[in-house]
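Please keep the sequence and the model in view while reading.

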Amino acid sequence: MTDRSDHSRATWRQSLQGWLWVAPALLFLVIFVYGPALTNIRFSLFSFSAMSLDWDFVGLNNYLRLWSDPKFTTALTNNAVYAVISVTCQVGIALVLAAVLEARIFPDFSANLFRTALFLPSILPVVVVGLVWQLLLTPTTGLIDQILWETGLASWSRAWLGEPDTAIFAVIFVSQWQWTGYIMALFMVAIRAVPRDLYEAMEIDGASGVQQFWHITVPGVRETILIVTIITILGSLKVFDIVWVMTAGGPNHSSEVLGTMMYRAAFRDDMIGYSSTIATVIFFIALTIGLVQIKLQKDR
Amino acid sequence: MKHLLAVTALATGILASLPGLAQDKTVVSFLHKFPEPENMAYFDAAVAEFEAANPTIDIVMEAVADEPYKDKIRVLMASDQVPDIYFSWSGEFGRKFAREGRTLDLTEALKGPEWQGRFAAASLEPFQFEGKQFGIPVNVDSKYMIYNKAIFEKHGLSVPTTFAEFIALNDALLAAGEVPIAYGNQAPWAATHYIGDLFAKMVPDEVRQADYQLLAPADQLYTHPGYVEALALYKSFGDKGYFNSGANAISHQQARGAFIAGRSAMVYLELVEFYMLADTPVAEQGWGFFPLPPMEGAAGRNDLLTGAPDGFLISAKTEHPEEALAFLNFLTSPEQAAKYVSTTGMTSAVIGSVTEETTTPETLAGLKALEDAAGMALWLDTDMDTASANVILAAGQGLLSGDETPEAVMEKVRAAAKETLAQR
């Protein structure tokens, strides 16, 4: 009995110590993450503007309004397209690039040059990237348009950021240009952790590079693939800066994403409650993705 | 060690006494949206001069750029941390503050002798709400079509005096292979300057005012056919090619650059942008300006100029109203206003401050045209209620890209206006 009591006391003490160690971080999370998230959900049940200190309780009306708002459908679709293209490029293409650069196909100098060139855009601030690409994509005087004209592809020339059909795709393209190299660098680190013996064994068995990629590289970096996929999807869901800088959600809301819609509702339209509703929806979508990630990791 | 302790004690003593020193002064917070170097040069000097003359007042100034200002002031309002003095556009943007009781009523204060004759009535009126003065104008601005004299002369064209002549001018330029108007509508406020001017010309003034301020009955809001006609006219400018291609993908600054470089015959600029044309290629070729010409037989007013004053408001909750007012009195004194004009290249709402000595002949002529106008059609996006203005802002792009029709736009405006009216 005494032994059990001592053991229990020791466990409790250990547990307390553990709690004390994580307390500052936990407190930080509660104050700056969970608290605001819960407050935001409460805000979403009210209608109020930034100018006024009066709040009207509207229940779920903001959610009903959001559901029937055509801009919400556009934003959600754009976020989904953003995610699909980002996963394809930043996971699929980045993995292939990493595998090629790690396969010693190119001489060291060329491989380093490619790696640096591909990684470089990711160290630039998003605002700078957005503004530079905005200039490059300018109709008539922009470099892209000039190249199209000079190479006899004038019929392809268009106002990439100014037409509803192309604006969001132009923004997504720039985002891929910036981040594919970064994800590629992550994959290169993961590939280096795969034992070289496996590649050598397959080479002796006469396996081609593609076979090595599918049977060693992909299974060897599957944890990284999962994490990178989740990060990319979450990033696509939360995207705001590059869209705001390049198109501000225009023309005519065609490149609106949930982030810009939320920002616009709060800081342009003075509808803080409605903006909180959009934020809550983003929060729950992100939460669902996070839970899926935890489930997938547990299943392994 | 002893030395270290002594130094630490001394430093602590000095630091402890600093708040005491600061507390002797009345701190007046001042937030504006003119962070550009030439503007800050003026405001820094003005604050220093005022503080030197009033040693008991400490003006704590903060400046953020145009777009971030719209965010910052809303955050400050929502968190009830309103600066003592803050900037506001005129029209609905300012009326929102007044409507919610966030501004000090300045009606009585401005009856003081030192304020008499300082501002034109047209500058004061946009800062009034329900008969009360809630703001003080600081500068005035208006919109003009700027033209390249060399291009006009090359094709034997002259300044239009009617809207029909303006249309013919655009057709002639187009036929001559020129880009008639450089237009950057990436930030869609640019469209509202055209649309606002056309609304003023094509919709009876009393109807337009009642609509903008949501004073008309809900079922009559924005029903005048002039609105649809104005939007159709704006759309036709894009469809006919009067604007450069890809206007929705070009910023206003890029469009201005294209005009300066001689790639277009005209550009629609604000009076406060005139100084930017000095020492540029277009200055060598020569440039002139004219307001969008009167429209024959239109239902609205042809004697208005699109433009507005900007101004400063005092927080309703300020603890130092007298000091805040004293600073604004100083800032808008004729001497300071003259310095403001000569240092910044901007205009001023203070009568007599814009002279040959303080500004360029073009800016002076632009201001003269503004004074000669019967009044101002305020910037549309700051004059309408926010929800309706947002529809027009997006429509300015949608009409050009062919995704919107004038009828559908006005249907959306009516819905937005009705909803806002129901919430008031």
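In S10(B), which residue is the bridge partner of Ser88(B)? The partner is Gly311(B). Residues are numbered from 1 along each chain as its sequence is written, and chains are lettered from A and ligands numbered from 1 in the order in which they are written. The model is predicted: local features need pLDDT of at least 70, side-chain atom pairs count only at pLDDT 80 or more, and totals for chains, interfaces and linings use all residues.

Ser88(B) belongs to strand S3 of chain B, residues 85-89. Helices (H or I, at least four residues) and strands (E, at least two) are DSSP runs, numbered from the N terminus. S3(B) pairs with strand S10 (residues 304-314) of chain B in the antiparallel sense over 5 bridges; two strands pair if DSSP finds at least two bridges between them. With strand S1 (residues 26-32) of chain B, S3(B) pairs in the parallel sense over 2 bridges, and Phe30(B) stands opposite Ile85(B).

In a regular strand the side chains alternate between the two faces of the sheet. From S3(B), Ile85(B), Phe87(B) and Trp89(B) point one way, while Tyr86(B) and Ser88(B) point the other way. The strand is mostly covered, with 5 of its 5 residues buried. A residue is buried if 20 or more other C-beta atoms, placed from the backbone, lie within 10 Å of its own, exposed if 12 or fewer, and partly exposed in between.

Chain B as a whole contains 18 helices and 11 strands, and 48% of its 424 residues count as buried. Its C-alpha trace spans about 85 × 55 × 50 Å along the principal axes.

The contact between the chains takes 28 residues from chain B and 24 residues from chain A, where two residues are in contact if their C-beta atoms, placed from the backbone, lie within 7 Å. On the side of chain B that touches chain A, helix H3 (66-78), helix H4 (92-99) and helix H17 (386-401) each supply at least two residues. H17(B) gives the most, with 7 residues.
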